[in-house]
Amino acid sequence: AAAIMSSPQDETENSASSHNERDEGRRTSRRGSDFFRRMRNSFYRSNGQSFEGQAKVFRGDDSGDLYAIICCCVPCKRSKEEYKYILIKGTSCFVFSNENASSPKYAIPLERLHTERIKGSCDDGKRQTSSSTIVKLMKSLGDVEYEFEFKTSDAASIFCRAVSKEAKVAADESAKKSLGHVMDKAGRTKSFVYASKIAEAKKKDQPDRPISGTDVCDAYVTMAAPGGIGAL
């Protein structure tokens with residue numbers, strides 16, 4: 001079979017075509033990166049946030065974590081935990097791996113939640129009077145949903161005020177919805193609407209609440225009570 005020879009002109013055209021395709025691919029990738037960067041900046045760099053800062057985040061009441069208590073590793077667990085980037089926007093608290101993360105790990109709806117502050121850190125196993133402050137995010141009946149450890153008391157104070165403000169907004173909106181009122185979207189920024197959509201998608205990604213010593217005691221009391229499982 002006769003070999004098909006390509007002319008220098010064909011090779012030049014093929015090379016130019018390949019080069020153009022690579023350039024177009026770079027431009028497309030750059031446009032995509034710019035889009036996500038703008039959306040990210042719109043999400044937590046606009047003026048709509050009530051709080052942004054760093055904190056260590058623990059699910060549930062860390063001091064009551066049954067596994068940590070049994071293993072005597074509450075101090076160790078706290079010292080090894082890395083700081084997360086926290087953002088409160090709209091009626092949710094978003095937890096990012098770090099400040100440069102493109103999307104939050106999960107979102108915490110703030111409706112029916114309030115805060116309680118505890119001075120000091122547990123890093124060395126003691127509630128010492130240091131600059132760090134622990135904030136418990138709790139339900140109305142006292143169940144601890146999360147613990148946040150902040151580097152400074154000022155950051156903790158701003159966080160608590162933000163939670164109080166947005167929890168009230170969430171409660172008001174929930175009450176209006178239950179009464180069949182149409183939500184007034186006037187004055188809401190695109191960033192706020194975007195944050196609400198992200199919160200709805202990310203709230204299901206929250207970590208599971210650990211079993212606490214209180215949970216075990218409650219279960220034991222239930223089983224031991226007359227008519228309980230233990231009576232069968």
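User: At what distance does the side chain of R59 reach the backbone oxygen of P207?
Analyst: This is a predicted model, in which local features need pLDDT of at least 70, side-chain atom pairs count only at pLDDT 80 or more, and totals for chains, interfaces and linings use all residues. Residues are numbered from 1 along each chain as its sequence is written, while side-chain values use heavy atoms, with hydrogens and water left out. From the side chain of R59 to the backbone oxygen of P207, the distance is 2.7 Å.

User: Which residue has a side chain joined to that of R59 by a polar contact of 3.4 Å?
Analyst: A polar contact is a pair of N or O atoms within 3.5 Å; within protein, one must be able to donate a hydrogen and the other to accept it, and residues adjacent in sequence count only if both atoms are side-chain atoms. Apart from residues up to four places away in sequence, R59 touches E145, Q206, P207, D208, R209 and P210, among others, where contact means heavy atoms within 4.5 Å. The side chain joined to R59 at 3.4 Å is that of Y146.

User: Is R59 buried or exposed?
Analyst: R59 belongs to strand β1, residues 49-59, where strands (E, at least two residues) and helices (H or I, at least four) are DSSP runs numbered from the N terminus. Buried means under 20% relative accessible area, exposed over 50%, and partly exposed in between, with a 1.4 Å probe and protein chains only. Because its relative accessible area is 16%, R59 is buried.

User: How many bridges join β1 to β2?
Analyst: Two strands pair if DSSP finds at least two bridges between them. Four bridges join β1 to β7, an antiparallel arrangement, in which K56 has E149 as its partner. Between β1 and β2, which also run antiparallel, Q49 stands opposite K89 and F51 opposite I88; the number of bridges here is six.

User: How many of the residues of β2 are buried?
Analyst: K84, I86 and I88 point one way from β2, whereas Y85, L87 and K89 point the other way. In a regular strand the side chains alternate between the two faces of the sheet. Burial extends to both of these sets, so β2 is largely enclosed by the rest of the structure, and its buried residues number six of six.

User: Which residue in the turn between β2 and β3 has a positive phi?
Analyst: Five bridges join β2 to β3, and the two run antiparallel, with Y85 standing opposite F96. They form a hairpin with two residues between them, and the one with a positive phi, of about 65 degrees, is G90.

User: What distance does α4 reach from its first C-alpha to its last?
Analyst: The expected span of a helix is 1.5 Å times one less than its number of residues. For α4, with 26 residues, 38 Å is expected, and the model comes close to this, at 37 Å.
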